Every structure is written in C-alpha cells, then in structure tokens.
Amino acid sequence: MVKITINGRNINAPEGVTVLHAARENNINIPTLCENEAVAPYGACRLCLVEIKTAKGRQRLVTSCLYQVEEGLTVQTNTERIQKIRKMLIELLLARCPDSDVIQQMAKEHGVTGGRLTPQTGNNKCILCANCARTCEEVVGVSAISLSKRGVERELTTPFGEDNSDDCIGCGSCSYSCPTGAITMEDKNGTRKITWPHNEMKFKMKKCSVCGQFWAPVKQVEYVAKTSGTPVTDYDICPNCRE
Amino acid sequence: MADKKQKEVVKQVLQKHQHDKALLVDVLQDIQAEIGYLPKEVLVETSKGLGVPVSRVYSVATFFKAFSLTPRGRNLINVCMGTACHVRGSVKVLEQIEKELKIKAGETTPDLKYTLETVNCVGSCALGPMVIVGEDYHGEMTPEKVVSVLANYK
Amino acid sequence: MAKLKSFGDLETLKKSITGKRDPKKSVIAICNGTGCQAYGCKSVTAAFQDEVKKQNLADKVDVMPIGCPGFCERGTLVMVRPQGIFYQRVRPKDVPEVVAAIGKNSVVDRLLFTDRQTGAKVTHESDVPFYKKQRRLIIGNNGLIDSTSIDDYLAIGGYNALAKALKMKPEQIIDEVKKSGLRGRGGAGFPTGSKWETTRNAHDEVKYIIANADEGDPGAFMDRALVEGNPHSVLEGMIIGAYAIGSHQGYMYIRNEYPLAVKNMRTAIQMAEEYGLLGKNILGTGFDFTLKIQRGGGAFICGESTALMASLEGKVGEPRAKYVHTSEQGLWGKPTNLNNVETWANVPIIINNGAAWYSQIGTKGSKGTKIFSLVGNITNTGLVEVPMGTTLKEIVFDIGGGIPKGRKFKAVQTGGPSGGVIPESMLDMPVDYDELTKAGSMMGSGGMIVMDDKTCMVDMARYYTEFLEGESCGKCLPCREGLRHMKAILTGITEGRGKKEDIALLEEICATIGDAALCQLGASAPNPVISTIRHFRAEYEAHINEHKCPAGVCKIGAAAVK
C-alpha cells in the first residue's frame with residue numbers, strides 16, 4: 001500500500017493502481033469518458049486530467065487513468081486550472097456531438113453553454129474514444145471494428161467501412177462499452193441489429209429449443225463453440241433453461 | 001477474391017519479410033509498389049498471411065499517407081506543400097493543376113493518367129515551389145510553367 | 001572482401017585504401033543530393049565522366065558524386081580538389097570547359113560564385129561567404145566522399161571512433177558522451193548520455209536502439225542530407241551507442257519520401273556487414289549488432305518516439321503517455337534508446353576528439369554545432385552548420401545573405417510546425433536550446449523558415465495549423481478537435497469573416513491543447529498561433545477589424561505593402 005492524498009484526504013491505495021482508480025475507490029469523482037476497467041487504459045478523452053505534486057516536489061498535470069499512485073503523491077482533482085481545461089474539452093465535445101444526451105448532461109453539470117464553436121454534423125454521437133474497438137479486440141478477441149484514417153477524418157468503422165462485415169459476431173459488447181450511446185443494439189423478431197456511427201449489421205438469432213426465446217446471434221454461438229472447442233449442439237438451449 | 005497475380009505478389013512480399021507482423025507498414029509499401037495501390041482483396045490476403053485482423057490492416061492502410069486504397073494514375077504528381085514552397089506560392093501551383101486536370105488533391109483522373117497528391121517537403125527548398133512527377137523533380141514552378149510540364153507526361 | 005576480424009585488420013585495410021589513392025590526382029566532386037537532382041546533377045555527373053575520357057584525363061582526374069554540401073541555392077555544385085575550386089550553377093553544357101580548365105590548371109571564371117557585397121569572384125570553396133562562418137563538423141564530410149563507398153569513408157578516418165570505442169568500457173563511453181554535453185538534435189534536447197545510461201541500466205536482457213530519420217518538419221532536410229550523403233557516420237554512431245548501451249538490435253526509421261536516403265543507407269548497411277563492422281562479432285571483439293531499416297508511411301506524428309515505436313510494431317502511429325520512459329519500456333515493452341540521425345552522427349566526433357574538446361564548442365547549456373536548414377525568403381537557401389550560440393542575425397544575414405528581391409526581413413520560424421516565429425527585434429539572440437525556448441519557440445530539428453515583409457503572419461499561422469490538423473493522429477480530443485476549430489477560426493479571419501472575440505477564443509483553445517494534449521506534437525501544436533498573436537497581434541486585428549491583409553496575401557481586399 002502507498003499513502004497519497006487526494007484533495008487533502010489521506011488515502012491508502014494498493015501499489016500499481018491508477019490515480020483514477022484510487023479516487024473512485026474513495027468516492028472521489030473524476031470525470032472520464034474513455035476509461036473502461038475491462039480494457040487497458042488509453043488516455044484519449046483527457047477529461048480525467050488532475051494536478052499532482054510528487055514526493056520530490058515535482059508539480060504537473062497528469063492523466064489520472066494512466067498515472068499510477070506512488071508514495072507521498074498529492075493529487076488535486078478540481079483546481080481552477082483543471083476546471084478551465086475540462087470546460088474547454090466539454091465545449092469541444094459538445095461541438096463534435098451536439099446531439100448526445102450524455103455530452104449535453106455533462107455540459108450542463110460543468111456550466112458549459114457552447115455556441116462559440118461551429119457544431120458538426122454526421123459524427124452520430126461518436127467521440128472516438130475507441131472503447132468499442134478496444135473491447136472488441138481485448139475482451140472479445142475479434143477485432144471486428146477499428147478506428148480508421150487519422151486526425152479530423154478519423155472514424156470508427158468496420159474494415160472498408162462496409163455494412164455486414166465478415167468479422168463481427170454480433171455479441172454487442174461494443175454497444176455496452178460505448179459511453180455516449182453512439183452504438184445501439186436492437187433484438188427484434190429473431191434478428192439483432194447493431195448500428196455503429198457509420199455502419200450497421202444484422203444477425204440471425206438462435207432460438208432456445210426449450211423456451212423458444214431468441215437468445216444469441218447464431219454467429220456468436222458458432223464463434224464461442226469454435227474457440228472453446230465444444231460442439232455447436234451444446235448451445236441449443238439458452239443459459240436460463242440450462243440452469 | 002484477389003486475382004492470381006495479386007495473390008502471388010502478396011505471397012512473395014510476405015516471404016521476403018518472413019511473415020513478420022511488425023513489418024506491416026513495410027509489407028504494405030512493397031505490395032503497393034508492385035500493384036500500384038492496395039485493393040481490398042489484397043489487404044484481406046495480407047491479413048490472413050500475417051495473422052493480423054483485417055481491421056488492423058485497414059487502420060494502418062488508412063492511417064498512413066503513403067497508401068492508397070484506390071487505383072492510381074500512371075503519372076503520380078506530388079506538389080510540395082512544405083513551408084518554403086508555401087511562402088513561394090505552391091498553393092497557386094496546386095490550384096492551377098487542380099483546374100487543369102479537373103481533380104482535387106488526393107484524386108485520380110478518370111482516364112487513370114494522373115493522380116494528384118501533396119507532400120509536406122521533399123527538401124528541395126532552394127527550388128520551390130517543387131512539383132514531382134514520377135521520379136522527376138521540377139523546380140521553380142509557376143501556374144503557367146506547370147501546365148507545359150504536365151503536358152510532357154502521357 | 002573477407003570480414004575484418006581485428007583492429008589490426010581495419011588498420012591494414014585503411015592503409016591499403018589510402019595507398020591506392022594518388023594524391024596528385026584531381027577529383028571533380030559533384031553534389032548528387034536530392035536538392036541538386038532537381039537541378040539535373042545526374043546529367044552533369046554523366047557529362048563529366050564522358051568528358052574526362054574524351055579529353056584523355058582519366059589517369060589525372062577522378063569524378064566523384066558526393067552528398068549534399070549544403071549550398072542548395074547554387075546547385076549543381078562542383079568542387080575541384082585538391083585545388084579547392086568551387087563552381088556553382090553548373091549545367092551539362094559547362095562541363096567540357098571545366099574539364100579543359102583542369103587540364104590547363106586554370107579556372108572557369110564565369111562559373112565562380114560572385115560575392116554580392118563586393119562584386120568579386122570567389123575561387124575557393126573556403127572563401128565563399130556562405131561557408132565562411134560555418135563550422136561544418138558533421139556535414140562537412142558529405143563533400144569529401146562518395147556516400148555509396150565505404151572505402152571513401154574509411155579513407156577520411158571513418159570507423160576510427162568505433163575501433164576506439166570498442167577498446168573502452170561501455171560506462172566510459174557513456175561518461176564521455178555525458179561530459180560532452182551532447183543533447184538530442186531531434187527536438188526536445190534531452191541529454192544524450194543520460195538517456196543512454198537509463199537504457200543501459202534498465203533491467204532487461206534485450207534492448208533496442210533506434211535512429212529517427214522520419215524527418216517530417218516541412219522545410220527541414222538536414223537529416224536527409226546526412227543519411228544520403230554520409231550514412232556511415234550515422235551507422236558508426238549507432239554501433240558505438242549500441243555497444244555502450246548493451247543493445248544488439250537496432251532500427252532505422254526513414255521517411256518514405258526520401259527514396260535516395262533509403263537506398264544509400266541500404267548500401268551502407270550492406271557494405272558495413274560485408275566488412276564485419278556490423279553483424280556478428282564486430283572487429284573480432286565478440287560484440288554483435290544488427291540494424292534493420294524500416295520506411296515510414298508518411299505521418300509526421302511518427303517523429304514522436306512512442307508513435308514511431310508503435311509504427312515499428314506494425315500498428316498505427318499513435319503515441320502513448322510517457323509516464324514510463326521508453327528508455328525503460330519502449331519497443332515491444334523493452335528498454336529502447338531513440339536518437340535522431342544528427343545526434344547519432346555527433347557520436348563518432350565526440351569519441352574521436354574527446355568530450356573536453358567537444359564541450360568547448362557552443363554555449364553553457366548547448367554544446368557542439370547544429371545544422372539548420374535555412375529556407376523561405378532567403379538569398380542562400382541551404383544547410384548551415386554553426387556552433388550553438390551563433391546569433392540569428394549571423395545565420396540569416398552573414399551566412400544566408402539576407403532577404404532577396406530587396407524586401408525586408410519580417411520573422412523567422414524555428415522548430416518547424418511545432419515551433420514559433422521570432423520577430424526582427426530578437427535577431428541578436430544566440431541560438432541554442434534554452435534561448436529558443438525562452439523566446440516561445442524551440443530548437444526542433446533545426447528548420448529555419450525566413451519570412452519577408454510580404455508574408456502574412458495570420459496566413460502562416462493558418463498554414464501551420466492546417467498542416468498539424470492533417471498530421472494529428474486523432475487519438476486525443478484536444479489536439480484533434482481543437483486544431484479543427486482553430487483552423488476554421490483562422491480560415492475565417494483570413495477570408496474576412498473574423499470576429500472580435502476570435503483572438504481570445506484562439507488563445508483559450510491553444511491553452512487547453514497545450515495543457516491537455518496526450519503527446520508533444522499536440523502540446524506544441526498551438527505554438528505558431530500563440531507566437532504570431534504575441535508578436536504580430538496588429539496583423540490579426542487588421543484582418544478582423546478592418547478586413548485588410550497588411551501583407552497583401554489573404555484574399556480580402558488586400559492592401560499592398562508600403
């Protein structure tokens with residue numbers, strides 16, 4: 001354990017955890033959009049910046065989702081400088097995704113009204129945090145979607161920007177991991193539809209042979225059977241009926 | 001599906017680089033040098049050959065400026081937009097070419113004769129504005145001169 | 001050629017190379033750098049080869065294609081040695097006369113350089129004003145060798161430093177580099193010796209070294225000139241560094257837009273391998289080191305060390321936070337030492353001459369020389385190598401020959417797109433890392449873009465912002481979105497749609513990007529805008545309030561320069 005202080009509070013944090021993690025464990029709120037504990041830290045949204053002073057006296061701004069706690073660290077999460085940065089970041093987000101409820105709510109909380117920057121259209125609520133792509137790669141192991149192009153042209157897409165791409169198994173993890181609701185998933189009449197900011201896919205669902213519910217995309221079931229080396233017939237019954 | 005010739009190119013390039021995933025950028029460069037651009041089928045083939053997800057290959061192929069996913073013209077025109085060329089008027093030269101060829105930077109003429117691109121400094125700053133066609137360097141370009149230079153490339 | 005298996009073998013080889021050379025023979029050295037290729041130096045070189053045969057002078061005269069000696073403005077450059085005659089703007093039709101003159105021991109007057117100040121013709125290379133105030137420790141050798149010949153490099157003392165270093169303890173070498181005061185020539189100016197030491201001390205068996213030759217600053221081409229013109233000097237520095245650090249595998253990341261640099265470096269590596277100066281058991285010492293070239297894909301961001309390493313791993317060039325230094329966890333998570341090409345090329349000089357000698361050159365905090373590429377509205381475009389601490393005025397006016405076409409100096413941008421502009425009032429500033437940073441700019445890789453009074457500073461700020469917007473990797477929010485809006489605002493101002501609040505809004509976005517961007521490319525991206533607002537605010541105001549571009553560049557009812 002290492003001793004640190006956050007906003008004047010003395011805290012014991014396990015070695016190796018990030019400042020953000022330590023703050024969360026102690027109910028200290030640091031805003032973030034791209035952080036997701038299921039995947040490796042990325043540091044793209046910059047909202048979780050905090051001011052630190054090391055035991056040696058070095059002061060600077062760091063990304064709390066990446067910076068690890070260390071003995072004698074002093075952290076300030078909400079100084080005037082931090083507030084100024086966050087406000088501008090939120091203003092930039094609001095111009096990028098004016099139609100996102102999550103961003104609008106965040107702007108409200110931080111007193112950002114917007115209007116100074118020209119709002120964009122066509123980003124469809126996507127802030128390019130890559131939570132979806134990182135989850136698909138690191139958790140699911142499929143890498144069906146990725147960030148393509150670079151800079152201001154960057155987009156979250158399937159390979160070649162095609163609808164109904166080969167690789168996606170339809171698990172929907174991307175939609176669960178999306179912080180702004182840019183990826184949606186809808187199961188209806190035996191079909192699952194996943195909508196990304198620029199592409200969409202439809203999947204046939206598997207019907208449980210006991211209860212008759214559509215419980216998972218056929219493609220996902222096949223993928224799980226293949227990777228776990230079990231026969232596809234093992235998955236004829238849904239998890240609920242199996243219990 | 002990639003045609004036979006393209007498949008063979010991918011196979012040879014991958015062999016040359018010993019199927020080393022780390023050399024993806026180099027691999028794509030060599031393939032593009034042979035085929036002229038990076039067709040979808042070739043990227044899929046490369047992904048299989050290296051054991052790298054297609055999404056990663058696609059990300060890399062679209063991230064770097066050196067790669068083109070669409071066919072390119074027989075003559076690649078690069079207009080240097082480096083700072084030295086900029087202060088010497090490269091924007092006007094580029095605009096003239098765009099007008100002349102009726103395409104924008106990054107595009108190819110429908111007859112596949114020219115592809116127009118921009119480059120950020122080739123280091124021939126004494127001769128700016130520079131226009132490079134294929135491997136030929138043309139210095140001290142003006143909107144007037146560049147038209148006659150282009151006429152030499154069929 | 002059998003591999004060299006000992007220091008003695010190297011000595012013997014050197015003697016046999018120099019022994020075969022006839023000191024009485026003249027050499028016609030022709031610049032074959034990319035800059036001169038635009039002037040047609042290849043046909044000039046071919047013409048010399050033909051003409052020497054034609055005039056039956058083959059036993060008296062050698063023809064040697066050389067690397068870029070720096071004076072690009074006057075290409076194609078031709079030097080006749082040992083006489084030291086300097087010809088400029090040589091075209092194929094001039095060749096017979098030049099060759100005949102060598103036969104007659106005379107000089108072709110009309111091809112000599114004319115000193116603008118005095119109107120006198122200058123015969124000798126060393127008297128050309130452009131070269132006079134320079135101290136060309138690093139780039140000077142470009143003019144003495146055919147870069148595709150390892151024997152040429154050996155003949156001028158090449159690989160002596162390697163032999164010397166391999167007899168030293170690694171710690172001694174690091175100590176020498178530390179004492180020399182050498183700082184990274186690629187941008188940030190981090191002390192090279194300390195970086196080596198951290199990598200050496202990192203706990204891992206496997207360590208990598210990298211040479212960054214992804215020279216992306218528009219208007220900077222000193223690294224290209226070194227890789228093209230003297231690749232072995234870079235290699236020698238790297239092999240010494242690898243030995244000091246304890247690395248057995250290195251990478252050279254070369255910008256793809258530099259085909260000749262890639263070609264010449266490939267040749268150099270192959271030759272060094274054939275001689276046993278690279279590869280297994282170098283010079284019989286038991287030290288192994290191999291070097292691979294990787295071509296960049298055309299992304300400015302890959303000049304940033306973590307983005308470069310990501311690209312070397314076959315991924316997109318996205319940087320990561322450097323809370324753990326790359327010298328501890330870099331390429332493939334292994335300790336990695338990355339230096340820029342020019343930094344590596346300094347190493348043999350330090351080892352050969354010693355830290356005490358080297359540290360006499362330069363200023364208190366910045367030792368040695370620095371190569372600058374002097375471009376833009378300047379009379380003598382080219383590469384300039386001067387001791388650290390030389391003033392901007394000396395570089396721009398004494399060496400660069402001032403501003404052409406009778407116009408006035410307005411500003412100089414240093415540090416590339418991430419640097420800032422320096423106005424006329426600061427011309428007496430000695431150029432070193434710390435002074436440039438104090439002035440709100442930076443050393444960067446050494447680009448110097450000179451702007452005359454017909455340059456619009458708002459347009460320049462827009463140009464750099466547009467460049468950076470196109471080169472931002474897009475990973476972090478403030479860089480990607482901030483630059484997008486900055487460009488839009490600046491474009492608005494240059495097109496006459498500027499609003500009163502725009503300057504304050506730009507400053508606010510700049511501050512956020514500077515504080516919050518993930519990497520140095522982002523954090524320094526606002527510099528051109530900040531520095532032009534600081535020094536040329538009136539120009540912004542003229543665009544916004546009066547809808548006028550004082551320099552007459554922007555397409556809004558331009559007013560002519562007074």
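Student: How much area is buried between chain C and chain B?

Tutor: Keep in mind that this is a predicted model. On the contact side, 51 residues of chain C touch 35 residues of chain B. Carbon and sulfur atoms give 56% of the buried area, and the total between the two chains is about 3200 Å².

Student: Which element gives the largest share of the side of chain C that touches chain B?

Tutor: The elements with two or more residues on that side are helix H2 (34–37), strand S9 (290–295), helix H13 (305–312), strand S11 (369–376) and helix H18 (457–471) of chain C. The largest share is seven residues, and it comes from H18(C).

Student: What about charges there: how many salt bridges cross the interface of chain C and chain B?

Tutor: Polar contacts first: 18 residue pairs make them across this interface, both residues at pLDDT 80 or more. For salt bridges, Glu95(B) pairs with Lys555(C), with the closest N and O atoms 3.7 Å apart. That falls inside the cut-off of 4 Å. The count across the interface of chain C and chain B is three.

Student: And how many salt bridges are there over all chains?

Tutor: The rule asks for a Lys or Arg side-chain nitrogen within 4 Å of an Asp or Glu carboxyl oxygen. Over all chains, that count comes to 51.

Student: Take Arg116(A) and Glu91(A): how many residues apart are they?

Tutor: Their side chains meet in a salt bridge, 2.9 Å from N to O. Arg116(A) is in the loop between helix H3 (101–109) and helix H4 (131–140) of chain A, while Glu91(A) is in helix H2 (residues 80–96) of chain A. The pair links distant parts of the chain, and the separation is 25 residues.

Student: Which residue of chain A forms a salt bridge with Glu481(C)?

Tutor: Glu481(C) lies in helix H19 (residues 477–494) of chain C and its partner in helix H2 of chain A, so the pair joins two chains. Both partners are buried. The closest N and O atoms are 2.9 Å apart, and the partner is Arg96(A).

Student: Why are Glu228(C) and Arg224(C) separated by about one helical turn?

Tutor: These two form a salt bridge, with the closest N and O atoms 3.3 Å apart. Glu228(C) counts as buried because its relative accessibility is 3%, and Arg224(C) does too because its value is 1%. As for the helical turn, both sit in helix H10 (residues 222–229) of chain C, and the reason is their spacing of four residues.

Student: Switching to sheets, which strands of the open four-stranded sheet in chain C stand at the edges?

Tutor: The order is S2-S1-S3-S4 (chain C), with mixed pairing. An edge strand has a single partner strand, so one side of it is left without a neighbour in the sheet. The edge strands are S2 and S4 of chain C.

Student: How many bridges join S1(C) to S3(C)?

Tutor: Strand S1 (residues 26–31) of chain C and S3(C) run antiparallel. Within this pair, Ala29(C) stands opposite Met79(C). The number of bridges is four.

Student: At what angle to S1(C) does helix H4 of chain C run?

Tutor: H3(C) lies across S1, S2 and S3 of chain C, at about 160 degrees to S1(C). Helix H4 (residues 95–103) of chain C packs on the sheet and touches S1, S2, S3 and S4 of chain C. Its direction makes an angle with that of S1(C) of about 155 degrees.

Student: Last one: is Asn56(C) buried or exposed?

Tutor: Asn56(C) has a positive phi of about 55 degrees although it is not a glycine. It lies in the loop between helix H3 (41–54) and strand S2 (61–66) of chain C. Its relative accessibility is 64%, so Asn56(C) counts as exposed.

Note on methods: Residues are numbered from 1 along each chain as its sequence is written. Chains are lettered from A and ligands numbered from 1 in the order in which they are written. This is a predicted model: local features need pLDDT of at least 70, side-chain atom pairs count only at pLDDT 80 or more; totals for chains, interfaces and linings use all residues. Side-chain values use heavy atoms; hydrogens and water are left out. Buried means under 20% relative accessible area, exposed over 50%, partly exposed in between (1.4 Å probe, protein chains only). Two strands pair if DSSP finds at least two bridges between them. Contact means heavy atoms within 4.5 Å. Axes are lines fitted to C-alpha atoms, for helices over the stretch in contact, and angles run from 0 to 180 degrees between N-to-C directions. Buried area is the accessible area (1.4 Å probe) that two parts lose on being put together, summed over both. A polar contact is a pair of N or O atoms within 3.5 Å; within protein, one must be able to donate a hydrogen and the other to accept it, and residues adjacent in sequence count only if both atoms are side-chain atoms.
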